[in-house]
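Work through the exercises below with the sequence and the coordinates at hand. Each task is followed by a stepwise solution.

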Amino acid sequence: VYSSPINLQNMDDELQIFSTNIFHKWFGLKYSQKNSWISYLQDEHMLTTNTYNVYIKNKKWHIYLQQNSIINVSTRTIDTTKSTSNIFLEYGDTIFDYGYSLSSRIEYEKNQETIGSFDFVIQKKTKETQSNYFLTLSQNYKKPNFNELFWEPFGNPELQTEYSSNLYFKYETLMRQGQLNVDLHYI
């Protein structure tokens with residue numbers, strides 16, 4: 001926060017968090033709320049985030065449904081109120097001593113492009129030689145946050161969602177002479 005040394009003002013801020021989680025066997029519900037208040041000079045800002053989750057799980061797969069509601073009330077900034085819906089899918093299994101897992105996320109937001117990400121992991125563990133192999137292929141995204149978009153004078157409201165494709169290989173083995181680790185990344 002920048003201010004002149006003549007007109008020093010204190011920034012008053014508050015944070016309130018509430019969360020509850022109910023889970024029974026294969027089904028779960030979760031609700032959380034976060035409230036932030038900031039008062040600085042003559043401006044008042046309040047940000048409320050509500051998150052609703054529904055979980056469905058078994059031994060091999062999980063499904064998460066999530067609804068986020070972000071409400072912005074401010075005397076100075078533009079309205080950044082928004083609502084997003086997310087679907088998370090996870091699956092994992094072991095076939096012929098290889099562990100496989102796949103996770104995927106799809107995010108929906110009104111008047112925005114639908115975006116998604118995924119991770120695919122293959123893992124081999126061998127007990128005889130005490131060696132492990134991991135191979136991960138993934139695609140991720142990063143949406144610009146409030147500060148990157150709107151924080152004056154540094155924000156840029158034209159920023160777009162960034163994507164990355166990733167390949168990761170890891171080999172580790174434990175021998176009598178020591179341990180060997182090899183990590184390879186390509187992003």
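## Exercise 1: the nonpolar patch

Trp61, Tyr91, Leu102, Phe120, Leu135, Leu137, Leu167 and Tyr186 make a nonpolar surface patch of about 760 Å². This is a predicted model, in which local features need pLDDT of at least 70 and side-chain atom pairs count only at pLDDT 80 or more, while totals for chains, interfaces and linings use all residues. Residues are numbered from 1 along each chain as its sequence is written, and side-chain values use heavy atoms, with hydrogens and water left out.

Solution. 
1. Patch members have over 30% relative accessible area and no salt bridge; nonpolar side chains (Val, Leu, Ile, Met, Phe, Trp, Tyr) are joined within 5 Å, like charges within 9 Å. A salt bridge is a side-chain nitrogen of Lys or Arg within 4 Å of a carboxyl oxygen of Asp or Glu. Areas come from the Shrake-Rupley method with a 1.4 Å probe, and for residues only the protein chains shown count as cover.
2. Strands are DSSP runs of E with at least two residues, helices runs of H or I with at least four, numbered from the N terminus.
3. Buried means under 20%, exposed over 50%, and partly exposed lies in between.

## Exercise 2: the negative patch

Task: which strand gives the most to the negative patch?

Solution. 
1. The patch consists of Asp12, Asp13, Glu14 and Glu44. Asp and Glu count as negative and Lys and Arg as positive, with His and the chain ends not counted. Each charge is placed at CG of Asp, CD of Glu, NZ of Lys or CZ of Arg.
2. Strand 1 (residues 12-24) contributes three residues, the most.
3. Glu14 is located in strand 1 and is exposed because its relative accessible area is 54%.

## Exercise 3: Ile187

Task: which residues does Ile187 contact, leaving aside neighbours within four places in sequence?

Solution. 
1. Ile187 sits in the segment after strand 10 (178-186).
2. Its relative accessibility is 72%, so Ile187 counts as exposed.
3. The contacts (heavy atoms within 4.5 Å) are with Ser164, Ser165 and Asn166.
4. For Asn166, the sequence separation from Ile187 is 21 residues and the C-alpha to C-alpha distance is 4.4 Å.

## Exercise 4: the chain

Task: how many helices and strands does the chain have?

Solution. 
1. The chain has one helix and ten strands.
2. Their order along the sequence is β-β-β-β-β-β-β-β-α-β-β.
3. Of the 187 residues, 19% count as buried.

Technical notes:
Buried means under 20% relative accessible area, exposed over 50%, partly exposed in between (1.4 Å probe, protein chains only).
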